[in-house]
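User: Hi, I have a protein model open and I am new to reading these. Could you walk me through it while I ask questions?

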Amino acid sequence: MQNIPSVNLRDFLSGDPERKQKFVNEIGKAYEDIGFVALKGHFLDDRLVDDLYEEVKNFFSLPLEVKEQYEIPGIGGQRGYVSFGKEHAKGRKEGDLKEFWHFGQYLEEGSRYTGEYPENVEVKELPKFNEVGKEAYKMLEKTGVYVLRALALYLGLDEFYFDKYVAEGNSILRPIHYPPITHEPENAVRAAAHGDINLITLLMGAQGRGLQVQNHNGEWIDAIAESDELVINVGDMLSRHTNNKLKSTIHQVVNPPRELWGTSRYSIPFFMHPVSEMKLNCLENCIDAENPKLYEDITAGEFLHERLVDLGLIKK
């Protein structure tokens, strides 16, 4: 397999049982085989994508002292700005060559999760930044709900199994800026090899080379999507919940060739998280004699805390 499979969400939404089942089979098999797909037919339109990239570039172009005003202490980088080199992959000391921003969940008034999630951070210098970020968050979240419905069917669960866990879930939209590389990096890459923490990740901005995924033979494959596609992969929470039936694939963002060191790269992943009390215990129908239970019982909140410590974003 030289690249990642492409699927179209419009098949699932078509109202045609055969097309719907075709999508379920295709995405399920892809997630068993390599853990990544390129998805057409999502809910982001071209205008919203263009507006979001413009606002994101405007933000990262602000002076460092302005951006640093939006770096909020004590919340493990869960909202607002995270400065260059702060985050590292699990098991590594070198910080990744990136800076990023976090938009989080938008709660209704009186939500039970008010107080559990940090507030979103408003950027005063850019009047459209937060409005565009919120719209993109909602459309990516909506797309993710339908992907999870397809996966629920593939796993033999009720189609709406995941809905109650991702409604008001602790999902994160993360615009990332990989700045130009100005000197030979010492053992550092734009994003070192890692698996994602969450249920699924929906990625904007995988049109150019850089993102690579590791297949079962340990080979690195360029994951390149068309301009109208999102790259969507399984995270560790879903892999754990399905007893590794659906694969959380190791991936990385490599440094560009030296002649492109002077260029920035932008990508915008949406990390779809459930509510913290969701039990990630291995599903009974994913355990049998050939596939014994691989993981201890844990909640999504406990697992997230463990991983934020691993990433260096919060202290033990």
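User: To start, how many helices and strands are there in the protein?
Analyst: Please keep in mind that this is a predicted model. The protein has 8 helices and 13 strands, and of its 316 residues, 54% count as buried.

User: What share of the contacts with a separation of 6 or more comes from residues 24 or more positions apart?
Analyst: Such residues account for 77% of those contacts.

User: Changing topic, how many residues does helix α5 have?
Analyst: Helix α5, residues 129-154, has 26 residues, and from its first C-alpha to its last it reaches 38 Å, which is close to the 38 Å expected at 1.5 Å a residue. Just after α5 comes G156, which takes a positive phi of about 80°.

User: What about the rings, how many aromatic pairs does the structure hold?
Analyst: The structure holds 15 aromatic pairs. Another edge-to-face pair is Y106 with Y137, at 5.3 Å centre to centre and with 85° between the planes. This second pair links distant parts of the chain, since Y106 lies in the loop between β4 (99-102) and α5 while Y137 is in helix α5, 31 residues apart. Both Y106 and Y137 are buried as well.

User: Which residues form one aromatic cluster?
Analyst: The cluster is made up of F59, F60, Y70, Y81, W101, F103 and F129.

User: And where does the charged end of R174 sit?
Analyst: It sits over the ring of F100, 3.8 Å from the ring centre. In a separate place to look, K20 lies over the face of F12, at 5.0 Å from the ring centre.

User: I also clicked on T242; is that residue buried or exposed?
Analyst: T242 has 0% relative accessibility, and therefore it counts as buried. This residue lies in the loop between α7 (236-241) and β12 (251-253).

User: So what does T242 touch, leaving out residues up to four places away in sequence?
Analyst: With those set aside, T242 touches L155, L283 and C286. The side chain of T242 also reaches the backbone oxygen of S239, at 3.2 Å.

User: Last one: why does R265 count as buried?
Analyst: The relative accessibility of R265 is 11%, and buried means under 20%, so R265 counts as buried. You will find R265 in strand β13, residues 265-272. The C-alpha atoms of R265 and P180 are separated by 7.9 Å, although the two residues are 85 residues apart along the chain.

Definitions and conventions: Residues are numbered from 1 along each chain as its sequence is written. This is a predicted model: local features need pLDDT of at least 70, side-chain atom pairs count only at pLDDT 80 or more; totals for chains, interfaces and linings use all residues. Side-chain values use heavy atoms; hydrogens and water are left out. Helices (H or I, at least four residues) and strands (E, at least two) are DSSP runs, numbered from the N terminus. Buried means under 20% relative accessible area, exposed over 50%, partly exposed in between (1.4 Å probe, protein chains only). A polar contact is a pair of N or O atoms within 3.5 Å; within protein, one must be able to donate a hydrogen and the other to accept it, and residues adjacent in sequence count only if both atoms are side-chain atoms. Contact means heavy atoms within 4.5 Å. The expected span of a helix is 1.5 Å times one less than its number of residues. Rings of Phe, Tyr and Trp (its six-membered ring) pair if their centres lie within 6.5 Å; planes under 30 degrees apart count as stacked, over 60 as edge-to-face and the rest as tilted. A charge sits over a ring if NZ of Lys or CZ of Arg is within 6 Å of the ring centre and within 35 degrees of the ring normal.
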